[in-house]
Amino acid sequence: GRPMTTVKEQRQRDIHLDFIGVIAMLFVISIHAQWDFEAPLFCSAFFKSLFFTANGLFFLISGRFALIFKEDDLDPASSYRSFYWKKFCSLVIPLFFYSALIMVYYYYCDPNKHLSDITGFFKDLFWIILPSSTARYTWFIYSLIGFMLTAPFISIMFNKMSVTSLKLFFYIAVGFEIVSIILFDYLLRSPFPVHTWPFVGWYFYFLCGYIINRLDVFHQKKIVFIIIGLICLLITTGMVMYTEGLDGIHDNSPIYLFTCIGLYLLLESVPMFKPMGKIATFIADHSYAVYLIHVEMLLFIRSFLPASNPISWIACVL
C-alpha cells in the first residue's frame, strides 16, 4: 500500500483532483461547443482526442473518491445508508432540480407552452430525465449512479487485496482488453464476445481511479506513464485522421485508457499556487451544476455568438 499522508498533503492532493475536474469540465464544454471553422486535419484530430479524455478523467476521479468506503464494524447498515444517501443528494437531487430549471426555461421561451399546465410540465420533465428518451449528455450520470451502487462492495474487496494481487488484476484486465478490442475488433475485425467480462470500458476507468492512487508504480514511474500517455494520444490522433474515426476509440480502447492515465498523472503534477487552488476548488464545487446546464447555456450563447472562428469558439467555451 501507499504510505500514510498528512492532512496537508491529502488536501494538496484533493486540490489537484479539483484541478483535474475543472480541466475535464472545460474539455466537455469544448466538445459540445462544436466549432464551425475549418482547422488543419492534425489539429482537429489531436484536439478532439485530447478533449474526449474528459470522460475518462471524470471516471478516474469518481473512482478515486468513491472507492474509499469503509464499513462500520459495529453498525454496517449505517455505513451503507450514509454512503447511498450522500450519493443520492449529490447526484440524483441535482439532476431533478436542474432538469426542472431547464424545463421552466423552455416553457418560458416556447409560446405554445404554459407553466400553468402542471400536468404537461411534469410529463415533459419525466421524458427529459429519462436516459432512454434522448441521446443527451446525461448518459454519464446514469453510468455513474450504477457504478456508485457497486462502490461499497468493490471498495471492501479491493482494500482486502494485496499490492501484488491488485497489480495482477490491472495487468489481466488491460491484457484482456488489448486482446478483445485491439486484436479482434480493430485488427481482425471480428467482434470478440466480451459483454460478460465485468471490467471493461468506463467501469474499468472508474476502478483505475482507486488503483492509480494505491499502487506506488504509477507515482514512482510517473514520467514513464506520462510519456506513454502522450504516445497513446498521438496514436489515437493518427487513427482518427486516417480512418475517419473508429467506434469506441475514445471510449473503451486500452490505448485511450493510458492516454487518460498519463494526462491524469500530468495534471496531478502541476504546481498549485494558493489563488489557483482556490479557484479550482470553487469551480470544482459547482462543476456538477455546470455539467447539468452547460448544453442549454451553449445553445443560448450560440444564438448571439456562433463559433465560426477560433476566437469566438473560445469565447463560447468560456
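**Exercise 1. Determine how helices H3 and H6 are placed against each other in this predicted model, and which residues bring them together.**

Step 1. In this predicted model, H3 and H6 pack with their axes 11 Å apart and at an angle of about 25°.

Step 2. Angles under 35 degrees count as roughly parallel, and H3 and H6 are therefore roughly parallel to each other.

Step 3. Their crossing is right-handed.

Step 4. On the H3 side the residues in contact are Asn55, Phe58, Phe59, Ser62 and Ala66, and they meet Trp139, Phe140, Ser143, Leu144, Phe147, Met148 and Ala151 of H6. Sorted by class, the residues of this contact comprise nine nonpolar and three polar, with no charged ones.

**Exercise 2. Work out the arrangement of H10 (residues 222-243) and H11 (residues 254-268).**

Step 1. The axes of H10 and H11 lie 7 Å apart, and the two helices pack at an angle of about 135°. That angle makes H10 oblique to H11.

Step 2. As for handedness, H10 passes H11 in a left-handed crossing.

Step 3. The H10 residues in the contact include Phe225, Ile226, Gly229 and Cys232, while those from H11 include Tyr256, Phe258, Gly262 and Leu265. Divided by class, the contact of H10 with H11 has twelve nonpolar, four polar and two charged residues.

**Exercise 3. Describe the largest pocket by its volume and its lining.**

Step 1. The volume of the largest pocket is about 880 Å³. Its lining is made by 28 residues, of which Ile61, Ser62, Phe65, Lys87 and Ser90 are the closest to the centre.

Step 2. Two or more lining residues are given by each of H1 (7-33), H3 (53-66), H4, H6 (139-160), H12 (274-285) and H13 (287-302). The largest share, seven residues, comes from H4.

Step 3. Taken by class, the lining of this pocket has 15 nonpolar, seven charged and six polar residues.

Step 4. Ser62 links this exercise to the opening one, for Ser62 is listed among the residues closest to the pocket centre and also among the H3 residues that meet H6.

**Exercise 4. Find how many cavities of 30 Å³ or more the structure holds, and describe the largest.**

Step 1. A search of the whole structure finds one cavity of 30 Å³ or more, and about 40 Å³ of space lies in the largest cavity.

Step 2. The residues that line it are Leu95, Tyr98, Ser99, Ile102, Arg136, Tyr137, Thr138 and Leu292. Helix H4 (residues 76-109) supplies the largest share of this lining, four residues.

Step 3. By class, the cavity lining divides into five nonpolar residues, two polar and one charged.

Technical notes. Residues are numbered from 1 along each chain as its sequence is written. This is a predicted model: local features need pLDDT of at least 70, side-chain atom pairs count only at pLDDT 80 or more; totals for chains, interfaces and linings use all residues. Side-chain values use heavy atoms; hydrogens and water are left out. On a 1 Å grid over the protein atoms alone, a cavity is a set of points where a 1.4 Å probe fits but cannot get out, and a pocket is an open set with protein on both sides within 12 Å along at least five of seven lines; lining residues have an atom within 4 Å of a point. Grid points are joined across faces, edges and corners, and a volume is the space filled by probe spheres set on the points. Ala, Val, Leu, Ile, Met, Phe, Trp, Tyr, Cys and Pro count as nonpolar, Asp, Glu, Lys and Arg as charged, and the others, Gly among them, as polar. Axes are lines fitted to C-alpha atoms, for helices over the stretch in contact, and angles run from 0 to 180 degrees between N-to-C directions. Angles under 35 degrees count as roughly parallel, over 145 as roughly antiparallel, 65 to 115 as roughly perpendicular and the rest as oblique. A crossing is left-handed if the near helix is turned anticlockwise from the far one by less than a right angle, and right-handed if clockwise. Contact means heavy atoms within 4.5 Å.
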